[in-house]
Amino acid sequence: MTTTGTAIFYDGITSNRREVAVEIASDAIEVRGPGGCLKARWHFADIAPLTTQSGVLRVGLANAKTTARLEIHDQALATALLARANPADRTGLTDRATRLKVVGVSLAAIAALIGGAVWGVPVLADRIAPHLPVAVEMRLGAAIDMQVRQMLATSARGKPFECGAGDSPRAAAARAAFAKLVAALEGAAELPLPLHALVVRRSDVNAITLPGGRIYVFDGLLTKAVSVDEVAGVLGHEIGHVDHHDGTKSVLEAAGLSLLFGMLLGDFTGGGAVVIGARTVLQTAYSRSAEAAADEFGARLMYKVGGDPRALGAILLRISGKAVAPHFLLDHPQAQERADAIARIGRPSQTRALLTPPEWEALKSICTEG
Amino acid sequence: MTIVDRVDSSSTSAPADAHLPPPRSPVRLRFVGHRGDYWRLMIRGGVLQAVTLGIYRFWLFTDMRRFLWASTEVDGETLEYTGTPIELLIGFLIAVGILAPVYALLFAASLELGILSPLSGIAAFVVLAAFGQYAAFRARRYRLTRTVFRGLRFHQSGSAVRYALRAMLWWLAIALTLGLASPWATANLERYKMRNTFYGSLGGSFAGSAGRLFWRGVLIWLAVIGPLAAGLVAAAALIDWPAVMQALGRGNVASFDAAMKGNERTMVGIGALAAAATWSMLFAVILYPAYQAIVMRWWLGGVRIGGAVAASDLQMRRYYFAYLRYLLYVALFSIAFAVVALLVLRLAHASSNFTSASILRDGVAGPDVILAAVAGIVAYVIYILGVSTIYQVVVKMRLWQAAVESVMISGIVALDHVQAGEATASAVGEGLADALGAGAI
């Protein structure tokens with residue numbers, strides 16, 4: 001076995017290229033300059049092979065500040081040195097073990113991340129949302145309102161997005177009827193912040209709640225409803241969202257999830273899809289329990305004001321009777337399940353009409369009149 | 001001089017007199033890596049990135065740099081990359097810690113200004129762009145201090161904050177001049193970077209002339225920006241804006257057409273604008289490789305380290321070949337991917353209750369819908385990682401190779417007796433760049 005040969009040595013202090021004599025001793029490699037003076041003595045255990053072009057062995061000292069390098073072009077000498085130095089590195093075993101460890105630790109980190117997203121983020125949002133000052137919630141609502149109006153106010157065709165804003169006496173009557181209904185529910189709900197409910201010009205059968213007590217009832221819902229109690233039930237459900245701060249929670253959740261997935265995963269190529277996908281799937285899961293809670297709140301509110309709580313279940317069933325659009329990820333629990341849960345709350349022994357028949361007629365035509 | 005040259009060419013090494021080293025003939029850099037090794041490294045890295053949701057990238061970037069550095073040979077000696085993946089990971093985590101409050105502040109500011117108001121968008125863009133420049137300068141310092149050549153490290157002095165401010169001012173100038181100031185910006189920023197670059201204790205500098213870059217690139221600028229500017233001027237002069245606004249306000253295409261029928265000038269103006277925009281986009285795509293090659297050749301030719309002077313004869317066609325090959329490979333990969341995806345879909349469809357009715361069914365998303373969404377995301381990630389792997393090997397590596405092989409260094413003797421310089425720097429800048437999506441090799 002070769003134990004001596006020549007190599008090129010850089011001492012890490014200057015860039016001088018030195019041709020040196022190398023000898024493999026019992027426990028170390030000895031580097032000697034011209035005249036036999038000892039330039040370096042490196043223990044086998046400290047030697048680390050470093051990257052270079054193929055056909056050349058470049059070694060340095062592991063875990064040392066120095067950048068001294070020894071380059072061996074002599075294949076036989078290189079083989080002999082590697083046989084003595086760190087045996088694991090020669091076969092790529094350490095590399096493979098490192099990669100496996102990285103994969104294992106990464107998977108654990110991802111599991112922790114998903115756990116945090118599924119359980120941690122909603123819990124945090126639930127804890128933080130009720131403690132936000134009303135002013136912050138209102139401002140958040142105003143900001144989101146701008147965005148929502150941009151997205152929804154498309155089919156207005158010259159008419160204002162908001163219904164019932166006209167000057168005619170019939171528009172005023174419609175406005176008064178809606179205000180009466182909202183006031184009855186709001187009075188019973190004991191909310192921490194003032195409601196701001198509107199009927200808007202949209203043909204979809206829906207109603208939405210934004211942070212800060214903003215409720216939009218879509219015209220399509222009024223068209224579909226057969227009684228005041230159905231509209232009141234939906235309003236009660238949306239007031240439930242207001243009371244539970246669900247709009248604020250979902251904004252906090254979205255921010256938390258985009259922070260978790262977007263920032264921790266960094267510029268991972270294709271990461272954008274993961275972020276959006278995660279958000280869609282997870283927020284579907286969040287809102288299921290929130291919808292059930294809002295249903296319960298709405299039904300109890302109806303009970304309190306003397307309306308029929310079951311009307312909410314009835315309109316839910318009617319809406320879902322035929323799918324209006326292929327909803328890919330619907331975020332409301334099955335209509336029948338919800339109707340059953342609402343029916344369990346019962347019905348007050350004495351119901352009263354929340355609006356008079358003329359008022360109900362005026363409300364139904366709020367979007368055609370002004 | 002000629003005599004010395006001839007004597008010198010017979011014995012290139014071992015200077016006879018250390019005080020007066022004989023000049024050597026210019027040295028051409030060589031690329032000594034094997035492309036197959038790089039493919040293997042990149043494909044393995046892509047698979048592991050998919051499995052670890054991208055966390056493996058720190059290890060992959062380190063492997064890539066080790067390969068590229070070790071493949072770059074200067075005067076018979078390859079470069080060495082000494083950075084480690086753990087440094088990059090820690091740098092990234094620290095960067096997340098720094099950026100989280102910044103993001104929170106930006107979120108609060110956008111609430112104050114209205115979430116989608118253009119002002120908050122611009123503010124966020126400016127803040128993050130400044131951070132990106134800061135990160136890029138610090139990342140460069142990290143890479144230089146992890147580059148060893150002949151047993152000595154490179155390093156970088158200078159202030160990242162000052163660099164970021166300088167860069168932002170230049171970007172403002174570029175925006176105001178529609179890109180015409182870009183050669184002066186590039187030259188100025190490169191000068192700052194190279195003057196703060198050291199090999200051991202030997203300082204670098206940058207000799208590229210902004211005027212020269214301007215004259216080399218001005219034709220591309222004229223071909224891309226010129227028509228667009230002309231189109232905008234024509235549109236401004238010809239289009240009857242109040243009429244257009246009124247017609248747009250009515251909201252549908254038919255009424256817009258009807259309103260514009262009699263207005264010939266406006267129609268010509270709109271046509272000119274559309275034609276100019278199409279032309280600009282087309283030429284921007286076609287001329288992009290040429291632009292890259294011009295800037296790279298100019299930059300390589302301006303690099304100086306001590307008395308060592310670089311020159312480059314980079315050929316533009318190597319850039320075009322790289323991009324054309326990339327298009328071809330991506331097309332082939334896409335076909336293969338589509339075939340596999342269709343087969344998998346067929347199998348899944350045949351073997352399950354994976355029916356479309358369940359998606360249409362009223363009610364909540366079932367497990368099958370979530371499964372379909374997850375499968376879609378997985379397929380998308382695999383496709384994107386495949387395309388990015390092809391890009392890294394076919395474009396990035398080949399352009400690196402083309403750039404390396406184009407460089408001739410004269411006066412390389414200046415690098416022969418350099419003293420060691422400063423200590424190393426942390427990888428926080430790299431982490432910031434990574435977190436901001438500004439990471440690069």
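So, A:Cys163 and A:Cys367 are both buried, where buried means under 20% relative accessible area, exposed means over 50%, and partly exposed is in between, with a 1.4 Å probe and protein chains only. Quick word on the source: this is a predicted model, where local features need pLDDT of at least 70, side-chain atom pairs count only at pLDDT 80 or more, and totals for chains, interfaces and linings use all residues. Side-chain values use heavy atoms, without hydrogens and water, residues are numbered from 1 along each chain as its sequence is written, and chains are lettered from A and ligands numbered from 1 in the order they are written.

Back to that pair. A:Cys163 and A:Cys367 make a disulfide, with the sulfur atoms 1.9 Å apart; the cut-off for calling one is cysteine sulfur atoms within 2.5 Å. What does the link tie together? A:Cys163 sits in the loop between α4 (134-152) and α5 (169-189) of chain A, and A:Cys367 in helix α13 (residues 366-369) of chain A, so parts 204 residues apart in sequence are joined. Helices here are DSSP runs of H or I, at least four residues, and strands are E, at least two, numbered from the N terminus. The link of A:Cys163 and A:Cys367 is right-handed, with 100° about the S-S bond. Searching the whole structure turns up one disulfide over all chains.

A:Cys37, by the way, counts as partly exposed because its relative accessibility is 41%.

Over to chain B: 15 helices and 12 strands, and 41% of its 441 residues are buried.
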